[in-house]
Amino acid sequence: MGKRSYQGSFLNKKWFVVLVAILIALLLFFIATGKAENKQMSIEEATGEDIGTITKIIFRDGRGMNQPFTLEEAGKIDVFVKKLSSYVVKKEQEHEPSVGWLQAADFYEGKKKLMTITFTDPLTINESYYEIIKGQLQPDEIEQFIQAANPNWKKK
């Protein structure tokens, strides 16, 4: 009888160690995935797209004052993309949907749509919300850029 209780105690200790090891592994996994989701990143990292290949931007007005404007002039696209590449963002885990927006843009490489960005705070990239850490383009700055590229674009 003494031998069985010793074996039972040994097995209980063995299962306890296995259970603790599994729990530690799960905890490390959740910590690692949580940090990966909360890391700061560039727009390219957030979208998985090379923004240097953009050949067309379609700007949209959320106020309804302007028709969508298509920009295909390489030099002006480069200027806007450089401003965009200065962004550092962090994906938000939970966010209430935003109500209203002033400007949004669809970015293309040839005919392939790469991404859509709605310039709000938080920034919306392909329908996911990102907290802006660095590099905010102010609505007035975007308006000025669009109006310089398209003098018919009405300001607010």
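Reader: Hi! Among contacts between residues at least 6 apart in sequence, what share join residues at least 24 apart?

Author: That share is 65% for this protein, with contact meaning heavy atoms within 4.5 Å. The model is predicted, so local features need pLDDT of at least 70 and side-chain atom pairs count only at pLDDT 80 or more, while totals for chains, interfaces and linings use all residues. Residues are numbered from 1 along each chain as its sequence is written, and side-chain values use heavy atoms, with hydrogens and water left out.

Reader: Thanks! How many helices and strands are there?

Author: The protein has four helices and eight strands. These are DSSP runs numbered from the N terminus, with helices being H or I of at least four residues and strands E of at least two. Along the sequence the pattern reads α-β-α-β-β-α-β-β-β-β-β-α.

Reader: And what is the strand order in the sheet?

Author: The eight strands form an open sheet in the order β1-β4-β8-β7-β6-β5-β2-β3, with antiparallel pairing. Two strands count as paired if DSSP finds at least two bridges between them. β1 and β3 (69-71) are the edge strands, each pairing on one side only. On average, neighbouring strands are turned by 30° against each other, direction ignored.

Reader: Let's walk across it. Which residue of β4 is the bridge partner of M41?

Author: M41 has V89 as its bridge partner in β4. Three bridges link β1 (residues 40-42) and β4 (residues 88-91) in the antiparallel sense. On the β8 side, V89 has I132 as its bridge partner, and four bridges join β4 to β8 (residues 128-134).

Reader: Nice. What about β6, is it enclosed or open to the outside?

Author: Five of the seven residues of β6 (residues 112-118) are buried, so this strand is largely enclosed by the rest of the structure. Buried means under 20% relative accessible area, against over 50% for exposed and partly exposed in between, using a 1.4 Å probe and protein chains only. Across the protein, buried residues make up 31% of the 156 residues.

Reader: Who are the partners of β6?

Author: One is β5 (residues 103-109), joined to β6 by six antiparallel bridges, with F107 standing opposite M115. Their hairpin has two residues between the strands, and G110 takes a positive phi near 65° there. The other is β7 (residues 123-125), which pairs with β6 in the antiparallel sense over two bridges. That hairpin has four residues between its strands, and I117 has I125 as its bridge partner.

Reader: Switching topic: which residues have the most contacts inside the largest nonpolar core?

Author: I43, F59, F107, F119 and L123 do, in a core of 31 residues. Such a core is a set of buried Ala, Val, Leu, Ile, Met, Phe, Trp, Tyr and Cys residues joined through side-chain atoms within 4.5 Å.

Reader: What does F59 touch?

Author: Not counting residues up to four places away in sequence, F59 touches P68, F69, L71, F80, A104, A105, F145, I146 and W153. A105 is also the bridge partner of F59 in β5.

Reader: Last one: how do α3 and α4 pack?

Author: α3 (residues 74-85) and α4 (residues 139-149) pack at about 170°, with their axes 11 Å apart. The two helices are therefore roughly antiparallel, a label for angles over 145 degrees. Axes are lines fitted to C-alpha atoms, for helices over the stretch in contact, and angles run from 0 to 180 degrees between N-to-C directions. K76, V79, F80 and K83 of α3 meet E141, F145, A148 and A149 of α4.

Technical notes: Parallel < 35°, antiparallel > 145°, perpendicular 65-115°, else oblique.
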